[in-house]
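I opened this structure for the first time today and kept notes as I went. The entries follow in the order of looking.

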Amino acid sequence: FLRMDPSIRCGSAEHRPIRTVAYSFFVPWSVGVPLLYMALLHRNRLSIQSGAPDEHAKAISFLWSEYKPAFYWWEPLDSARRLALSSFVLFVDSKYPLTRLLLGLLLSVLFLALLYTARPYKSHVISTMAHVSQLSIVLVFIA
C-alpha cells in the first residue's frame with residue numbers, strides 16, 4: 001500500500017493511471033472542502049451573525065467562532081489560500097520556477113494586505129499571530 005516504486009518514471013505510460021487517480025482525489029478534496037465550508041456557513045449565516053447561534057450553527061462553530069461575526073466566511077477563504085500556496089502553485093510547470101515563486105509571493109502579499117485590512121479575528125493575540133505568520137510566509141518567498 002502506497003510504496004515508493006522508483007522503477008516507475010514520471011510521464012511514462014505506467015505513471016499516467018497513477019496520476020489520473022491522484023487528480024481524481026485531489027480535485028474533489030481541494031475544491032469540495034472549501035465549497036462545503038462555504039455552503040454550511042452561508043446556510044447558517046443569519047444565526048451566526050445574530051449573536052445567538054442555533055444548534056446547527058453551533059455544530060459548525062469550528063468554522064466561525066474565532067472570527068468577528070461579519071467575517072464568519074473567513075475560514076473557507078483561508079483554506080483556499082493554504083491550498084493555493086501548497087498545491088495550486090505546483091500546477092505551474094517546473095520549467096518555470098520563477099513563475100511559481102512570483103505567483104506564491106503575489107498570493108501571499110495579497111492575503112497579507114487583506115488580513116491587515118480586514119482584521120477578521122476576535123482575539124488580538126490570534127490576530128497578531130496570523131499577521132506575523134503571514135508576514136513570515138511573504139519573507140520566505142522573498143528570501
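**Entry 1: alanine 84**

I began with alanine 84, which touches Val89 and Leu107 when residues up to four places away in sequence are not counted; contact here means heavy atoms within 4.5 Å. I then looked up where alanine 84 sits, and found it in helix H5. Helices are DSSP runs of H or I with at least four residues, strands are runs of E with at least two, and both are numbered from the N terminus. Is alanine 84 buried or exposed? Alanine 84 is buried, because its relative accessible area is 13%. For that word I used these cut-offs: buried is under 20% relative accessible area, exposed is over 50%, and partly exposed is in between, with a 1.4 Å probe and protein chains only. I also checked alanine 84 against isoleucine 18: the two are 66 residues apart in sequence and 22 Å apart in space, C-alpha to C-alpha.

**Entry 2: what kind of model**

I noted that this is a predicted model, in which local features need pLDDT of at least 70 and side-chain atom pairs count only at pLDDT 80 or more, while totals for chains, interfaces and linings use all residues. Residues are numbered from 1 along each chain as its sequence is written, and side-chain values use heavy atoms, with hydrogens and water left out.

**Entry 3: the whole chain**

I counted elements next: the protein chain has seven helices and zero strands. Read from the N terminus, the order is α-α-α-α-α-α-α. The radius of gyration of the protein chain is 19 Å, whereas a compact globule of 143 residues would have one near 15 Å. That radius is taken over C-alpha atoms, and the globule rule is 2.2 Å times the number of residues to the power 0.38. Along the principal axes, the C-alpha atoms fill a box of roughly 60 × 35 × 20 Å.

Of the 143 residues in the protein chain, 28% are buried. I looked at contacts between residues at least 6 apart in sequence, and 51% of them join residues at least 24 apart. The accessible surface comes to about 10,000 Å², and 68% of it belongs to carbon and sulfur atoms. Those areas come from the Shrake-Rupley method with a 1.4 Å probe, and for residues only the protein chains shown count as cover.

For charges, I found 14 positive and 8 negative side chains, with the centres of the two sets 5 Å apart. Lys and Arg count as positive, Asp and Glu as negative, and His and the chain ends are not counted. The place of a charge is NZ of Lys, CZ of Arg, CG of Asp or CD of Glu.

**Entry 4: the cores**

Which residues make up the largest nonpolar core? I listed nine: Val33, Tyr37, Leu41, Ile48, Ala57, Ile60, Leu63, Trp64 and Tyr72. Helix H1 (15-43) and helix H4 (61-64) each supply at least two residues of this core, and the largest share, three residues, comes from H1. A nonpolar core is a set of buried Ala, Val, Leu, Ile, Met, Phe, Trp, Tyr and Cys residues joined through side-chain atoms within 4.5 Å. Another core lies apart from this one and has eight residues, among them Tyr67, Phe111, Leu115 and Ala130.

Arginine 81 is in helix H5 (residues 74-86). It counts as buried because its relative accessible area is 15%. Setting aside neighbours within four places in sequence, I found arginine 81 in contact with Phe111, Gln134 and Ile137.

Arginine 119 is in the loop between helix H6 (97-118) and helix H7 (124-142). Its relative accessibility is 39%, so arginine 119 counts as partly exposed. I noted that arginine 119 has a positive phi of about 50° although it is not a glycine.

Lysine 58 counts as exposed at 54% relative accessibility, and glutamate 55 counts as exposed at 63%.

Last, I looked up histidine 15 in helix H1. Histidine 15 counts as buried because its relative accessibility is 16%. Its contacts, leaving aside neighbours within four places in sequence, are Ile8, Arg9 and Cys10.
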